[in-house]
Amino acid sequence: MLSVEHAQIGYVVDGVRHVAVGDVSFEVRRGETTMLLGPSGCGKSTLLKTAAGFLHPWQGTVTVQGRPTSKPGPDRAVVFQEFDQLFPWRTVRDNLVYPQRVNGRDKAEARRRADEYLELMHLVPAADRYPHQLSGGMKQRVAIARALALDPDVLLMDEPFGALDAQTRSRLQRELKDVAARTGVTVLFVTHSIQEAVYVGDTVVVLSTPPSTVLDNVDVAGLDDPADPAFTDALTRLRALLAHDDHEPAAGAFE
Ligand SMILES: Nc1ncnc2c1ncn2[C@@H]1O[C@H](COP(=O)(O)OP(=O)(O)OP(=O)(O)O)[C@@H](O)[C@H]1O
């Protein structure tokens, strides 16, 4: 579904080119959740922004269904970490309806889909509230529901639970797994957390320090019980990969 092939991506600061993503290739298969894990500054968000069409690779390609992600499009929906990504002047329901209308969906169908995804994300009681009346966790659930209601080919998530307390974060991880299984949506998800990568993902793409390359692709499909020895094995393997990266970040950088 989403393909990254020999991508090199960077930034020009004061006329100087800085390479963030050195040479990265991976595939996000249809219906699967792929996690991007790696040390701070390795270019996880840079890759996600390129998939979203906000940045362009200097070399290589990033494609969705074979089409380069050269600009943002309705085939990709993005959920960010920040709680302020909703339209503050629209109710929760209208936050879901409005982007669908902008994408050309008729009013009745947009409302029907909004209600379907409000139900799926347990937001029906909050449908007529405004974003400032919601907790951080609820805002993130609205952002996910809004993205799913657009029926994207790929859902791009940049540390969507990074600013939540531990309990809310676990709950949203569970809900996302459940919704992904029910809808069959394809997800690319950036995280700092090894635990989150194993629990939420089907595959973990582990990146090195910048200019980043792929250290490994680890299959974690079906691992959702931290008490399962296979879950612990996956955690150990990912920790070892990151620890053997030449420029390991300071201890404690990974949960
Ligand atoms: N707008 C920008 N202009 C210049 N450099 C940038 C910009 N955005 C990111 N960078 C640099 O590119 C590199 C990769 O940043 P990026 O945010 O993609 O990493 P990350 O892996 O998502 O980091 P973190 O896990 O800390 O969020 C970093 O060195 C960062 O400083």
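Me: Two residues are in contact if their C-beta atoms, placed from the backbone, lie within 7 Å. In this predicted model, which helices are included in what covers the buried residues of H3?
Reply: The buried residues of H3 are Ala110, Ala114, Tyr117 and Leu118. Their cover includes two helices, H2 (92–102) and H4 (136–149).

Me: Why do the buried residues of H3 lie on the same side of the helix?
Reply: Ala110, Ala114, Tyr117 and Leu118 are the buried ones. They sit on the same side of H3 because the arc they cover around the axis is only 105°. On the other side, Ala108, Glu109 and Glu119 are exposed.

Me: What span should helix H3 have, at 1.5 Å a residue?
Reply: Helix H3 runs over residues 107–120, which makes 14 residues. The expected span takes 1.5 Å times one less than that number.

Me: Which residue just after H3 takes a positive phi?
Reply: Just after H3, a positive phi of about 60° is taken by His122.

Me: Which element gives the most to the shell around the ligand?
Reply: Of the 14 residues around the ligand, those that come nearest are Tyr11, Ala20, Ser40, Ser45 and Thr46. Two or more residues each come from strand E1 (2–13), strand E2 (16–28) and helix H1 (44–52). The element that gives the most, with 3 residues, is H1.

Me: How many residues of the shell around the ligand are polar?
Reply: The shell holds 5 nonpolar residues and 1 charged residue. Gly counts among the polar ones. The polar residues number 8.

Note on methods
Residues are numbered from 1 along each chain as its sequence is written. This is a predicted model: local features need pLDDT of at least 70, side-chain atom pairs count only at pLDDT 80 or more; totals for chains, interfaces and linings use all residues. A residue is near a molecule or strand if its C-beta atom, placed from the backbone, lies within 6 Å of it. Helices (H or I, at least four residues) and strands (E, at least two) are DSSP runs, numbered from the N terminus. A residue is buried if 20 or more other C-beta atoms lie within 10 Å of its own, exposed if 12 or fewer, and partly exposed in between; C-beta atoms are placed from the backbone. The arc is that of the directions from the helix axis to the C-beta atoms.
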